[in-house]
Amino acid sequence: MRFDDNLTAERPTFVTHLECALTGERHDADIVHNLSRAGKPLLVRYDLAGVKNALTKDALVRRAPDLWRYRELLPVRKTTDIVSLGECVTPIVPMPRLSRKLGGGDILVKDEGRLPTGSFKARGLVMAVSMAKALGIKHMAMPTNGNAGAALAAYATRTGIKTTIFCPEDTPEVNVSEIALQGADVYRVNGLIDDCGKIVGEGKAKVGWFDTSTLKEPYRIEGKKTMGLELAEQLGWDVPDAIFYPTGGGTGLIGMWKAFDELEKIGFIGSKRPRMIAVQASGCAPMVKAFEDGVEHAPRWENAHTIASGIRVPQAVGDFLILRAVRESKGFAIAVDDGAISSALNEMAREEGFLLCPEGAATYAAYKQSLKDDRVSKSARVVLFNCASGLKYPLPKMERKLDRHQPIDYAIFK
Ligand SMILES: Cc1ncc(COP(=O)(O)O)c(C=O)c1O
């Protein structure tokens, strides 16, 4: 096995067409798409019988540990179109102390902070940019809460595609800087991510940008799908009892749900599914409200606010897909407030030495709440998604100065 086999060896591809997620209408593969003719997300469909013949679990064992090991289930056809920055398999980190303390089952954190640009947005954007390269797209635009814009900037710059990115004005400083440093034109906007999305939509009509917004572009979801493929493979072709996912636009949740379906169809897993649990912040919880109201679409959440900026998404174009996955899996949607998010972050850092991002901390807070409410059983093995490195976020200042000119009382260090 060579480190770059997955990026260089030609392998058969199986995309047959794209399908409207609402109406099922077929759209041709290998041409530029945004939403379907019905204005809904497009899902990539594969000849899964063909994949089943071509791919074995043993063949995967011999491949390098990156997301391109699943090429037969991905849309990029030619190796020359792959734009890579080293998309490693992310580790699953158990949290035994917290499991013991809570008296619950295994807590496993899938740490997506190890990916290029420090977040799971790399998975979606590596696929979107590789497909943009394949399809000859020259200028991509995107609304972002930070991490997605950083990943788009990095991959697009690597392959010479121009990018224009809009983010809410209070987007974490590190995100705005990394986007700019990685070669994009970035603008802070006095509004939320959906206001930024409107600017991109208008720019698409007026200056021909390619709109790379969540689920308005068909391939980000295919990249995010690899979280589900990878998770199942890491667990020995099994799935956990529940997945807690910090839900903004929901691409990852929808993508994992699609992954499990495809894995079953190619015979790699059975019919068992994890309960999909959509975690939101109480200051922006449109999916939780829609779930509780028993409806299929979520109206815009007004005055959205939370410290977990990645999940501050007032309205999601894939709302019905998120809710469908949550309901079909017998999962639920749950909101946690900023206080619970902060204390979850502190608790895991202090007790397990693991620094979550605020969105990841929301999943731990939600898990604790769900145990308390008996919505998740004490024996359940759960996976929490830590979607970005905790180091990307502002950290509290520590004032602990030692005056080396004064006598030091070493007893304080005991
Ligand atoms: C750290 C982090 N967590 C979660 C999310 C939400 O992801 P999704 O759009 O897949 O719901 C984001 C999106 O910006 C994010 O940056």
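A residue is called buried when its relative accessible area is under 20%. Keep that cut-off in mind as we walk through this structure, which is a predicted model. You will find Thr117 in the loop between strand E5 (107-111) and H5. Thr117 also has a positive phi of about 65°, although it is not a glycine.

Now step back and look at the whole chain. The protein chain contains 14 helices and 13 strands. Its radius of gyration is 21 Å, close to the 22 Å that the globule rule gives for 414 residues, so the chain is as compact as a globular protein of that length. Along its principal axes, the C-alpha trace spans about 75 × 50 × 45 Å. Of the 414 residues, 58% are buried. If you take contacts between residues at least 6 apart in sequence, 70% of them join residues at least 24 apart.

What about the outside? The chain exposes about 17,100 Å², and carbon and sulfur atoms supply 52% of that area. As for charge, there are 56 positive and 51 negative side chains, and the centres of these two sets lie 2 Å apart.

Next, find helix H12 (residues 319-328). Is this helix enclosed or open? Seven of its ten residues are buried, so H12 is largely enclosed by the rest of the structure. Those buried residues are Asp319, Phe320, Leu321, Ile322, Leu323, Ala325 and Val326. Their cover includes helix H10 (251-265), strand E11 (275-281), helix H11 (286-293) and strand E12 (332-336). After H12 comes Lys330, whose phi is positive, near 60°.

Helix H10, part of that cover, leads us to Thr251, which lies in this helix. Thr251 has a relative accessible area of 4%, so it is buried. Not counting residues up to four places away in sequence, Thr251 touches Thr214, Leu215, Arg220, Ile221, Lys224 and Tyr245. One of these partners, Leu215, sits in the loop between strand E9 (210-211) and helix H9 (220-234). Leu215 is buried as well, with a relative accessible area of 3%. Although Leu215 is not a glycine, it has a positive phi of about 65°.

Pro65 lies in the loop between helix H3 (57-61) and strand E4 (92-94). Its relative accessibility is 54%, so Pro65 counts as exposed. Which residues does Pro65 contact, once neighbours within four places in sequence are left aside? They are Glu87, Cys88 and Val89. Pro65 and Phe413 are 348 residues apart in sequence, and their C-alpha atoms are 43 Å apart in space.

Key: Residues numbered from 1 in each chain as written. Predicted model: local features only at pLDDT ≥ 70, side-chain atom pairs only at ≥ 80, totals over all residues. Heavy atoms only, no water. Helix = DSSP H or I, 4+ residues; strand = E, 2+ residues; numbered from the N terminus. Rg over C-alpha atoms; globule rule 2.2 N^0.38 Å. Buried < 20%, exposed > 50% of the residue type's maximum accessible area, 1.4 Å probe, protein only. Contact = heavy atoms within 4.5 Å. Areas by Shrake-Rupley, 256 points an atom, 1.4 Å probe, with all protein chains shown as cover. Lys, Arg positive; Asp, Glu negative; His and termini not counted. Charge placed at Lys NZ, Arg CZ, Asp CG, Glu CD.
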